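Dear colleague,

Please find below the structure that I am handing over to you, followed by an account of what was found in it.

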Amino acid sequence: MALVGCGRALPAASISNDQLSERVETNDGWIRSRTGIGARRVAGPGETVTSLAAGAGRAALAHAGWAPEQVDLILLATSSPDDLFGTAPRVQAALGAHRAVAFDLTAACSGFLFALITAAQYIRGGTMQRVLVIGADQLSRWLDWDDRRTCVLFGDGAGALAVEACDPSSDGLVGFRMRSDGSRNACLTLAQVAEHRPLVGDLSAQVGGFAPIHMNGQEVYKFAVREVPAVLAELLEATGTAAADVDWLLLHQANQRILDAVAERFAMPAERVLSNLSAYGNTSAATIPLMLDEAVRDGRVGAGDLIASSGFGAGLSWGAALFRWSGPGVPPAEA
């Protein structure tokens with residue numbers, strides 16, 4: 001599997017920490033010192049998971065040089081779909097990728113990494129040749145904007161990656177690991193509201209709906225700084241890769257302190273740790289592809305670069321992947 005194109009799409013509106021302090025009791029120093037976040041994008045009228053995912057997908061198709069009808073599969077990693085029955089088919093229609101099978105994959109902040117690994121299985125099995133992997137979330141619609149513990153953390157956005165079959169000697173996915181622990185699910189949830197209404201006789205039916213995002217920040221932080229280095233170390237050992245041979249560390253953008261702790265564990269200098277958390281906050285399944293696209297287009301990541309990546313979050317779920325960027329580099333029109 002070769003990684004041959006990327007793209008991103010973001011809402012137009014950006015809300016700074018100072019602006020947010022007009023809503024809740026917080027301030028820029030408090031947020032930055034604890035998270036590294038300075039602003040976040042919030043979807044406005046007419047901006048949806050579908051439109052953001054399609055925008056990112058369109059950019060990735062152009063970067064890869066693919067026509068929409070060449071896509072065999074669209075995997076949409078999202079935990080905030082526009083339609084609970086599935087949003088990927090809407091993205092397929094918006095892109096004009098009429099040949100592609102399209103479905104959603106839900107694994108919260110691990111979603112994009114899990115979707116990328118899933119794409120590899122279809123490609124390596126020979127059933128698909130070209131796959132568009134998209135991570136997109138609009139968590140702003142599921143936040144309690146009066147809860148400063150959570151509302152300062154999340155933002156909206158989408159990122160996409162185009163991957164295609166290649167000769168095994170050029171395989172871009174060096175290795176991966178995936179983990180889940182449902183016993184710790186309560187640490188981070190977007191749970192159903194347990195409300196019922198009378199139906200007939202003594203019977204009742206549940207009313208559909210979800211509570212705002214709930215997170216035990218301290219437990220999630222401890223989970224991430226413990227499990228992410230462990231799964232990355234296991235992957236590096238299994239693939240015979242030294243940390244010094246990794247060009248870039250690309251983690252799910254949840255908290256700058258987590259990024260710093262993992263980098264320190266592997267003695268990775270700050271200039272080799274990719275981070276755009278300060279501008280966008282935690283965009284859930286979108287953070288990894290959004291950051292990758294930014295780094296490819298500004299020339300930091302080049303063809304052949306080896307990237308160690310990890311996604312982690314609700315479920316609880318986490319995983320790691322070691323992959324090489326195949327190219328192309330910065331499109332001439334954007335260089």
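**Overall architecture**

The secondary structure of the protein chain amounts to ten helices and 15 strands, where helices (H or I, at least four residues) and strands (E, at least two) are DSSP runs numbered from the N terminus. Please note that this is a predicted model, in which local features need pLDDT of at least 70 and side-chain atom pairs count only at pLDDT 80 or more, while totals for chains, interfaces and linings use all residues. Residues are numbered from 1 along each chain as its sequence is written, and side-chain values use heavy atoms, with hydrogens and water left out.

The C-alpha trace of the protein chain spans about 65 × 45 × 40 Å along its principal axes. Of the 335 residues in the protein chain, 52% are buried (buried means under 20% relative accessible area, exposed over 50%, and partly exposed in between, with a 1.4 Å probe and protein chains only). Among contacts in the protein chain with a separation of 6 or more, 76% are between residues 24 or more positions apart, a contact being heavy atoms within 4.5 Å.

**Annotated regions**

UniProt, in an unreviewed entry, lists residues 103-182 as "domain: Beta-ketoacyl-[acyl-carrier-protein] synthase III N-terminal". Over residues 103-182 the chain is 22% helix and 36% strand, with the end C-alpha atoms 23 Å apart. The UniProt annotation "domain: Beta-ketoacyl-[acyl-carrier-protein] synthase III C-terminal", also from an unreviewed entry, covers residues 236-325. Over residues 236-325 the chain is 31% helix and 22% strand, and the end C-alpha atoms lie 17 Å apart. UniProt positions are given in the numbering used here, feature names are shortened, and annotations may be inferred rather than shown by experiment.

Strand β4 (residues 73-77) is mostly covered, as five of its five residues are buried. In a regular strand the side chains alternate between the two faces of the sheet. In β4, L73, L75 and A77 point one way and I74 and L76 the other way, and all are buried.

β4 pairs in the parallel sense with strand β5 (residues 101-105) over five bridges; two strands pair if DSSP finds at least two bridges between them. The bridge partner of L75 in β5 is F103. Between β4 and β5 the chain passes through helix α4 (residues 88-95), and this β-α-β crossover is right-handed, meaning that, with the strands pointing away from the viewer, the path from the first strand over the helix to the second runs clockwise. β4 is also joined by five bridges to strand β6 (residues 130-138), and the two run parallel. A77 stands opposite G135 in β6.

**Nonpolar cores**

The largest nonpolar core has 45 residues, of which L232, L249, L251, V262 and F312 touch the most other members. Such a core is a set of buried Ala, Val, Leu, Ile, Met, Phe, Trp, Tyr and Cys residues joined through side-chain atoms within 4.5 Å. The elements that give two or more residues to this core are α7 (217-238), β13 (248-251), α8 (256-265), β14 (306-313) and β15 (317-324). Its largest share, eight residues, comes from α7. Not counting residues up to four places away in sequence, L232 touches L249, L251, V262, F266, A308, S309, S310 and A320. A second, separate core of 37 residues includes L75, A77, W248 and V296.

**Individual residues in loops**

N276 is placed in the loop between α8 and α9 (277-280) and is buried, with a relative accessible area of 6%. N276 touches Q253, L290, M291 and E294, not counting residues up to four places away in sequence.

Most residues other than glycine have a negative phi, and most peptide bonds are trans. A108, in the loop between β5 and α5 (111-124), has a positive phi of about 50° although it is not a glycine. A108 counts as buried at 14% relative accessibility. A267, in the loop between α8 and α9, likewise has a positive phi, near 55°, but A267 is exposed, with a relative accessible area of 67%. Finally, the peptide bond from G315 to L316 is cis, with omega near -15°, and L316 lies in the loop between β14 and β15.

Yours sincerely
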